[in-house]
Amino acid sequence: MERRSQNRLPDSELVTLSWEERSAELRQMGSVHDRTPKGMGVAADHAIPVGTQVTISFPGEELVGIVRHDTRKAEEHFIGIEFISPGD
């Protein structure tokens, strides 16, 4: 049984994920799997620690979120990101 409060919309955009880890700014490309008004799922090559604040960059748009889960699936990681408002 699906327990989500928001319907997920399939998506397939490429995004850049950026975050800080151990005083270094890291970046990687990801492919959006799905998106809701509250967050998104992104497939990427490398893990991002749960609880990390990430910036998600699209052409002409930038969002900020917190990594809520990172699950390895085959050769990639499925990263669940919850959007936050600036200043949260």
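How exposed is Arg 68, in terms of relative accessibility? I looked that up first: Arg 68 comes out at 46%, so partly exposed. My cut-offs are under 20% relative accessible area for buried, over 50% for exposed and partly exposed in between, with a 1.4 Å probe and protein chains only.

Ground rules. I'm working on a predicted model, where local features need pLDDT of at least 70, side-chain atom pairs count only at pLDDT 80 or more, and totals for chains, interfaces and linings use all residues. Residue numbers start from 1 along each chain as its sequence is written, and side-chain values use heavy atoms, with hydrogens and water left out.

**Entry: overall make-up**

I counted zero helices and seven strands in the protein chain. The order from the N terminus is β-β-β-β-β-β-β. For the record, helices (H or I, at least four residues) and strands (E, at least two) are DSSP runs, numbered from the N terminus. Of the 88 residues in the protein chain, 38% are buried. I also checked contacts (heavy atoms within 4.5 Å). Among those with a separation of 6 or more, 43% link residues 24 or more positions apart. The chain exposes about 5900 Å², and carbon and sulfur atoms supply 48% of that. Those areas come from the Shrake-Rupley method with a 1.4 Å probe; for residues, only the protein chains shown count as cover.

**Entry: salt bridges**

I took a salt bridge as a side-chain nitrogen of Lys or Arg within 4 Å of a carboxyl oxygen of Asp or Glu.

Next I looked at Arg 35 and Glu 61, which form a salt bridge at 3.5 Å, N to O. Arg 35 belongs to strand β3 (residues 24-36) and Glu 61 to strand β6 (residues 61-73), so here the parts tied together are 26 residues apart in sequence. Arg 35 is partly exposed at 21%, and Glu 61 is partly exposed at 35%.

Arg 27 pairs with Glu 25, with the closest N and O atoms 3.2 Å apart. Arg 27 is exposed at 56%, and Glu 25 is exposed at 51%.

**Entry: strand β4**

Why is β4 largely enclosed by the rest of the structure? Six of its six residues (39-44) are buried, so that settles it for me. In a regular strand the side chains alternate between the two faces of the sheet. I checked both faces of β4: Gly 39, Gly 41 and Ala 43 are buried on one side, and Met 40, Val 42 and Ala 44 on the other.

Then its neighbours, with strands pairing if DSSP finds at least two bridges between them. β3 and β4 run antiparallel, joined by six bridges, and a hairpin connects them through two residues. Arg 35 has Met 40 as its bridge partner in β4. β4 and β7 also run antiparallel, with six bridges, and Ala 43 has Phe 78 of β7 as its bridge partner.
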